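Reader: I have a model open and want to learn to read it. Where do we begin?

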Amino acid sequence: QVQVVESGGGLVQTGGSLMLSCAASGTIFHINRMGWYRQAPGKQRELVAVGTSGGSTNYADSVKGRFTISRDNVKNMVYLQMNSLKPEDTAVYYCNAETRRFPIGEYRDYWGQGTQVTVSS
């Protein structure tokens with residue numbers, strides 16, 4: 001199996017910074033897309049930022065210029081540096097890893113349990 005574990009959430013004031021980390025472990029042959037989604041109370045889960053194994057990245061418009069995603073493909077880790085945080089960034093942040101476990105087979109999405117980020121005004 002594949003385990004995905006996030007860390008680094010917490011409480012921060014408006015304008016502050018946090019860094020989230022995510023590690024994927026287990027039987028992993030290759031991770032294609034790896035990134036972050038978030039879900040605020042009463043809202044649907046949305047993409048925050050994602051990076052591919054080839055180095056390309058994609059960000060939600062709401063976080064462009066404030067958040068930076070980075071990956072360590074050797075360690076199967078992804079990070080999210082969040083700066084200039086706003087109250088509307090408050091959500092549970094989930095890590096996702098699009099993973100192929102063996103040389104032959106399909107990619108499958110694996111999710112972490114989520115980490116709470118709360119930005120106070």
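Author: With burial. Buried means under 20% relative accessible area, exposed means over 50%, and partly exposed falls in between. Keep in mind that this is a predicted model.

Reader: Is Ala23 buried, exposed or partly exposed?

Author: Its relative accessible area is 28%, so Ala23 is partly exposed. Ala23 sits in strand β3.

Reader: What is Ala23 in contact with, beyond its neighbours within four places in sequence?

Author: Gln3, Val4, Val5, Asn76 and Met77. For spacing, take Gly35, 12 residues apart from Ala23 along the chain: their C-alpha atoms are separated by 11 Å.

Reader: Now disulfides. How many does a search of the whole structure find?

Author: The search finds 1. A disulfide is called when two cysteine sulfur atoms lie within 2.5 Å. Here Cys22 is joined to Cys95, S to S 2.0 Å. The angle about the S-S bond is -85°, and the link is left-handed.

Reader: What does the pair tie together?

Author: Cys22 lies in strand β3 and Cys95 in strand β9, so the link ties parts 73 residues apart in sequence. Both cysteines are buried.

Reader: Last, the core. Which residues of the largest nonpolar core touch the most other members?

Author: Trp36, Leu80, Met82 and Tyr93, out of 28 residues. Several strands each supply at least two core residues, among them β3 (18-26), β4 (30-39), β8 (77-82) and β9 (91-100).

Reader: What is Tyr93 in contact with, leaving aside neighbours within four places in sequence?

Author: Its contacts include Leu20, Trp36, Val48, Phe67, Leu80, Met82 and Val117. Glu6 and Arg38 are also among them.

Definitions and conventions:
Residues are numbered from 1 along each chain as its sequence is written. This is a predicted model: local features need pLDDT of at least 70, side-chain atom pairs count only at pLDDT 80 or more; totals for chains, interfaces and linings use all residues. Side-chain values use heavy atoms; hydrogens and water are left out. A nonpolar core is a set of buried Ala, Val, Leu, Ile, Met, Phe, Trp, Tyr and Cys residues joined through side-chain atoms within 4.5 Å. Buried means under 20% relative accessible area, exposed over 50%, partly exposed in between (1.4 Å probe, protein chains only). Helices (H or I, at least four residues) and strands (E, at least two) are DSSP runs, numbered from the N terminus. Contact means heavy atoms within 4.5 Å.
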